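Here are my notes on the model, point by point.

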Amino acid sequence: MVDRLQAPVASLETYPKQTRPVMGSPMKEHRAMWFDNHCHFTSMKADTDEALDAAQAAGVTRFLTVGCTIDDSQAAISIAAQHNQVWATAGVHPHSAKDGIDGLEPLLSQPKVVGVGECGLDYYYDNSPRAEQRSVFAAQIDLALKHDLALVIHSREAWDETFEILATQGVPARTIFHCFTGGPTELDRCMEIGAYVSFSGIVTYPSAPELQQAAQMVPLEQMMVETDSPYLAPVPVRGKANQPANVRHVGEFIANLRDVSAAELAQITTANTMNAYGITEDDATVGS
Ligand SMILES: [Zn+2]
């Protein structure tokens with residue numbers, strides 16, 4: 001694992017530490033290096049080491065594995081503990097809101113836990129009663145604020161109430177709308193509260209013109225990319241089990257829309273991800 005991670009880390013260090021990329025500045029041509037800021041190693045059938053090897057080969061070198069229940073969050077934390085370039089979140093997905101958040105808070109101080117979530121509202125599936133979805137989302141916003149952690153939001157067919165609850169509880173300084181599926185209007189609302197938006201493989205689907213419009217409009221410093229593996233495989237691997245290696249397809253698609261190079265978009269979205277989750281270059285090089 002050490003050898004596998006050495007080269008990409010060194011290549012990032014050709015940029016000064018802690019410096020955000022400046023658009024329009026001359027950039028060295030180098031290999032794209034992506035950060036998949038939202039995947040679920042705990043739900044993938046593929047072996048984690050094999051998925052990491054495939055990702056490395058595709059230039060995807062850093063990963064955030066996201067918890068959806070208390071048990072799943074514990075599993076995500078232990079995967080992060082075993083792999084240098086994997087970080088974790090702990091949270092309760094709206095699907096599981098009916099189970100409550102007992103046991104969540106102690107997980108937030110575990111090593112490499114950088115966010116609360118994914119949490120939010122899912123009024124498409126309604127797998128938990130809406131009242132419980134709302135209260136469990138509000139409680140997790142409070143935890144993100146209390147522990148100064150990033151907040152990872154899942155919002156489906158519930159935009160108005162998502163923003164209402166955020167307004168009531170307060171917006172954590174580092175808030176991420178994972179798998180953003182809105183158009184320009186919802187993008188504006190995310191930008192008004194200073195949130196990041198993360199694009200998944202859905203942006204590559206021909207059926208998503210409004211989402212593609214949003215991907216063209218979003219300020220580059222507020223944008224991230226993800227796979228949400230094992231779900232939502234992007235074109236050209238749509239329909240297959242997704243894996244973090246495929247985040248480059250998401251990124252390359254957006255780079256093409258934005259008329260920037262894939263390497264540049266990779267560097268910007270990686271820097272954004274590290275800022276959003278409070279991961280430093282030192283964190284990323286420890287032990288590698
Ligand atoms: Zn997810």
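1. Strand 7 (196-199) is covered on both faces: Tyr196 and Ser198 are buried on one side, Val197 and Phe199 on the other. Buried here means 20 or more other C-beta atoms within 10 Å of the residue's own, exposed means 12 or fewer, and partly exposed is in between, with C-beta atoms placed from the backbone. Strands (E, at least two residues) and helices (H or I, at least four) are DSSP runs, numbered from the N terminus.

2. Before going on, a word on what we're looking at. This is a predicted model, in which local features need pLDDT of at least 70 and side-chain atom pairs count only at pLDDT 80 or more, while totals for chains, interfaces and linings use all residues. Residues are numbered from 1 along each chain as its sequence is written.

3. Who sits beside strand 7? Strand 6 pairs with strand 7 in the parallel sense over 2 bridges, and the bridge partner of Phe177 in strand 7 is Val197. The chain gets from strand 6 to strand 7 through helix 7, in a right-handed β-α-β crossover. Right-handed means that, with the strands pointing away from the viewer, the path from the first strand over the helix to the second runs clockwise. For pairing as such, DSSP has to find at least two bridges between the strands.

4. Strand 7 also pairs with strand 8, again parallel, over 3 bridges. Phe199 stands opposite Val225 in strand 8. Here the chain crosses through helix 8, and this β-α-β crossover is right-handed.

5. Have a look at helix 7 (residues 184-192) too: its buried residues are Glu186, Leu187 and Cys190. Seen down the helix axis, they fall within an arc of 105 degrees (taken from the directions from the axis to the C-beta atoms), so they line one face of helix 7. Thr185, Asp188 and Glu192 are exposed on the face turned away from that buried side. The cover over the buried residues includes helix 6, strand 6, strand 7 and helix 8; contact means C-beta atoms, placed from the backbone, within 7 Å. Just after helix 7, Gly194 takes a positive phi of about 75 degrees.

6. Zooming out, which way does the sheet pair? The 8 strands form an open sheet in the order 1-2-3-4-5-6-7-8, with parallel pairing. Strand 1 (34-39) and strand 8 (223-225) are at the edges with a single partner strand each, so one side of each has no neighbour in the sheet. From one strand to the next, the twist averages 30 degrees. Angles run from 0 to 180 degrees between N-to-C directions, and axes are lines fitted to C-alpha atoms, for helices over the stretch in contact.

7. Strand 5 deserves a stop: 6 of its 7 residues are buried, so strand 5 is largely enclosed by the rest of the structure. Strand 4 (residues 113-122) and strand 5 (residues 150-156) pair in the parallel sense over 6 bridges. In strand 5, Gly115 has Ala150 as its bridge partner, and Asp122 has Arg156. Strand 4, helix 5 (residues 130-147) and strand 5 form a right-handed β-α-β unit. On to strand 6, the chain passes through helix 6 in a right-handed β-α-β crossover. Strand 5 and strand 6 pair in the parallel sense over 3 bridges, with Ile153 bridged to Phe177 in strand 6.

8. Gly117 and Glu118 are joined by a cis peptide bond, omega about 10 degrees, and Glu118 is in strand 4. The bond from Val235 to Pro236 is also cis, with omega near 15 degrees; Pro236 lies in the loop between strand 8 and helix 9 (247-258).

9. Two non-glycine residues to check for phi are Lys112, positive at about 70 degrees, and Glu157, positive near 55 degrees. Lys112 is in the loop between helix 4 (104-107) and strand 4, and is partly exposed with 19 other C-beta atoms within 10 Å. Glu157 is in the loop between strand 5 and helix 6 (159-169), also partly exposed, with 13 other C-beta atoms within 10 Å.

Note on methods. Contact = placed C-beta atoms within 7 Å.
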